Amino acid sequence: MPDRKQNLPQLYRFCFLMLGDSSKAQEVFHTTLREAANRAAQGELPKERFWLFHDARWRCLEASETDLQPEALKLDEHDVAPHAASQIDQLDPTQLAVWISGAPDPQRTALALFYLDEFDYNEILDLAELKLSELSRYLRQGRGQLQAWLDAKHPQQGTA
Amino acid sequence: MRRLRLLRRQRTLLNCAPISQNRSADRSMRAAVARADDSDEFLNQQNFDRAVAEIVRLIPIPPETAEWFSEKNLAVGSKWTWRKMARNPAVLAISVAVVVIAGVSVFQLLTRLNDFPGSAIARKLLTVAASTQPVMLDPVSTEAGTLSDLFFMKHGLEHYDIPEEFADFRTIGCRVFEDEESRRIAQIWLAEKRLQLFLFPAERNAKTGAVLGFPGWRYVRQEGWVGAVTERNGVCFMAALRGNEKDLEPYLSEATGK
């Protein structure tokens, strides 16, 4: 398996995006790797691709089950604006992670995996167990919702 | 309608378009991106995605987490090695079994290579030869070749002829007996090096009754004894002694010389 597929810094970032909290992300990351180390010692490492990410995903979902869940609201969606990049530049990583971790799964997993810029879309479909149409819809909605949130948070002239 | 479906499919793909230019993409994705490359909407999407991905890249890695990154072996999966495989008990057990089976097969093959029709009876008679005492035979002092007439006249055994290479040797005794399958066997004891001669019916085809003959002399071995066997007129002749092929060869080569 190429190293890219089990890139550990990216694995930590994935946990962070899924949970929006550094300490929780570290806990899931460490638990995932400890479990992997045990399995490696017994020669039982799975052969499936991206198994570390797959494992970490379910641990993140389990960990966030105990958290307060956001109300299921229909979020506003705006078209992606030409000046969106400058609005995004004003975000810090934690703000972005909190926003992504607040999304319902599987949209949360789709957004986290896509913006890691680590996997191609076929790999994301495999990891997130989604169909192409579902992934496409989650990403389109995610962009629109993030744009609406950015417009509310960092209004530009003519967008507020 | 088809065009509409195609456009919808391209739209679906474009929403998942790779953020980095160097990210691998399949043919349909490359085609969709190439078609949309000039559109403002797609340009905005790409700029948006790159900006978000850039923020993700800035996520700091805590030092205690970074310690894990040096342990590369953990992530690449357990490597398959010949040594590891050889230590597997199942592989070990199968290997030993295969070696034993191969050994037995080779042994049986080598044994079968020396087999000929009548070799099984010949081996049994070597055992008889090893356990025979001279007193068990009727004392007869004559030339071995003359016993053919005795076997025919007294016992009705046709073609129980002594090959000429052994016909001139003096005998000590002889007898005719039946084995467990009621085959009539003639046994002669020679004065020469305690050689024993046997005459017994040749093997026959169970269906046709035809004699299963073989050319020349064949050797059999059993418990330190060796026999040289030949078949003539449906009767096998065996010269046997304690020793090996080299002890019998002079008699046979002498015969060939004659």
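User: What is the mean pLDDT of chain B?
Analyst: Keep in mind that this is a predicted model. In chain B, 89% of the residues reach a pLDDT of 70 or more. Averaged over the chain, the mean pLDDT comes to 85.

User: And where in chain B is confidence lowest?
Analyst: At the top end sits strand S4 (residues 196–201) of chain B, with a mean of 95.

User: How many residues does the contact take from chain A, and how many from chain B?
Analyst: Both chains put residues into this contact. Chain B gives 33 residues, and chain A gives 43 residues.

User: Which helix brings the largest share of the side of chain B that touches chain A?
Analyst: Four helices of chain B each supply at least two residues there: H1 (2–15), H3 (40–57), H4 (63–66) and H5 (72–76). The largest share is nine residues, and the helix behind it is H3(B).

User: By class, how many residues on that side of chain B are nonpolar?
Analyst: Sorting the side of chain B that touches chain A by class gives three charged and 10 polar residues. The nonpolar count there is 20.

User: How many helices and strands are there in chain A?
Analyst: Read from the N terminus on, the elements of chain A go α-α-α-α-α-α-α-α. That gives zero strands, and the helix count is eight.

User: What percentage of the residues in chain A is buried?
Analyst: Buried here takes 20 or more other C-beta atoms within 10 Å of a residue's own. Chain A has 160 residues, and the buried part is 41%.

Technical notes. Residues numbered from 1 in each chain as written. Chains lettered and ligands numbered in written order. Predicted model: local features only at pLDDT ≥ 70, side-chain atom pairs only at ≥ 80, totals over all residues. Contact = placed C-beta atoms within 7 Å. Nonpolar A, V, L, I, M, F, W, Y, C, P; charged D, E, K, R; others polar. pLDDT = per-residue confidence, 0-100. Buried ≥ 20, exposed ≤ 12 C-beta atoms within 10 Å, placed from the backbone.
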